[in-house]
Amino acid sequence: MNEKKDTIILAFESSCDETSVALVRNGAQVLAQSTATQIQSHQRFGGVVPEVASRHHIEQIIGCLDDVFQQTGLGYTDLAAVAVTYGPGLVGALLVGVSAVKAVAFAHNLPLVPVNHMAGHIYAARYTAPIEFPAMALLVSGGHTELVYMPQENDYQIIGETRDDACGEAFDKIGRVLGINYPAGKEIDELAHQGKDTFNFPRAMEKEDNYDFSFSGLKSAFINTVHHADQIGTKLSHDDLAASFEQSVVDVLAEKTVRALHNFPVKQLILAGGVAANSGLRTRLEKECAQIQGVDLLEAPLKYCGDNAAMIGAAGYVGFKHGNRAGMTLNAEPGLEFPWLSV
């Protein structure tokens, strides 16, 4: 192989509780990835503790960097650029990745590409198939739930988002009530497929004339149901509780997304983010898209749905092509957002 004819990006991701470094060729092939997870450190707290996360990133990031070069035998002279998540995320965690990538860029005279974490989730779908534009992305993760219209490559316009809890956040919160360790999404999904939607939890904002979401009311209804049962000594089926909760989430996500697909001229729906691994959501959207002529469903591979540097390398490649660059003044932007669609 002749790497010098390729665009190889060294990518860093440290926005939350995964320290990850990857080498990505042409935005569509992962040459190597090294990820250090912190899940066990945060499980006893029921969620991510920012200070603990930052310290772990500091301890792990150099090891991950060395690992990807050892896996491939490549060196800094083989790189076209370096890319990093600079937001959104936990500010301390982001700063570790940003500081590391600036040091690499400065020491080896490499272009620095700043990447929006959510763009990374979208472009993780490139590891399944090329993205065709215009496209719509449903981003569902622990911190975000958004519908993003993409009229062309490197152009992101939010048309709807959650007004309170993110989808993944709601999964984790009800998981605590069921005694499920953080992160709870996978286990709740497994329970849901053994139960039935017997509780008929609310579908908030499902029929409202917008593309926004709300999961706080659903979370409260779930918690109140469980607490009331505990108070009167009634034992509820965890399988049915999980199935009812998941069905409510899937119904609302699917309803809003399908409406958007009918109202925007898109070729693909991209399903991305940590909650994109949910089998109930995948099955529902596969069924819905099959009934919409001209719209294909493009799902990020399961192994790239969570936070990882490979997705940042894919988005970094796109940004690199379009001239996105940052200097040594690049800073973490924990509240970074895509622009809203101008109506």
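Asp 307 is located in the loop between S10 and helix H10 (309-321); helices (H or I, at least four residues) and strands (E, at least two) are DSSP runs, numbered from the N terminus. The structure is a predicted model, in which local features need pLDDT of at least 70 and side-chain atom pairs count only at pLDDT 80 or more, whereas totals for chains, interfaces and linings use all residues. Residues are numbered from 1 along each chain as its sequence is written, and side-chain values use heavy atoms, with hydrogens and water left out.

Leaving aside neighbours within four places in sequence, Asp 307 is in contact (heavy atoms within 4.5 Å) with Glu 13, Ser 15, Cys 16, Glu 18, His 117 and His 121. The side chains of Asp 307 and His 117 make a polar contact at 3.1 Å. Such a contact is a pair of N or O atoms within 3.5 Å; within protein, one must be able to donate a hydrogen and the other to accept it, and residues adjacent in sequence count only if both atoms are side-chain atoms.

An unreviewed UniProt entry lists His 117, His 121 and Asp 307 under "binding site"; UniProt positions follow the numbering used here, feature names are shortened, and annotations may be inferred rather than shown by experiment. These residues span 191 residues in sequence, yet no two of their C-alpha atoms are more than 8.6 Å apart, so they gather at one spot.

His 121 is found in helix H4 (residues 117-123). This residue is buried (under 20% relative accessible area, with a 1.4 Å probe and protein chains only; exposed is over 50%, partly exposed in between), at a relative accessible area of 2%. Beyond its neighbours within four places in sequence, His 121 has contacts that include Leu 139, Ala 272, Cys 305 and Met 311.

Five strands form an open sheet of mixed pairing, in the order S8-S7-S6-S9-S10; two strands pair if DSSP finds at least two bridges between them. Strand S8 (157-161) and strand S10 (296-299) stand at the edges with a single partner strand each, so one side of each is left without a neighbour in the sheet. Strand S7 (residues 145-150) pairs with S8 in the antiparallel sense over four bridges, and Leu 147 has Gly 160 in S8 as its bridge partner.

Helix H8 (residues 238-263) lies across strand S6 (135-140), S7, S8 and strand S9 (268-272), at about 165° to S6. Axes are lines fitted to C-alpha atoms, for helices over the stretch in contact, and angles run from 0 to 180 degrees between N-to-C directions. Helix H9 (residues 279-290) lies across S6, S9 and S10, at about 155° to S10.
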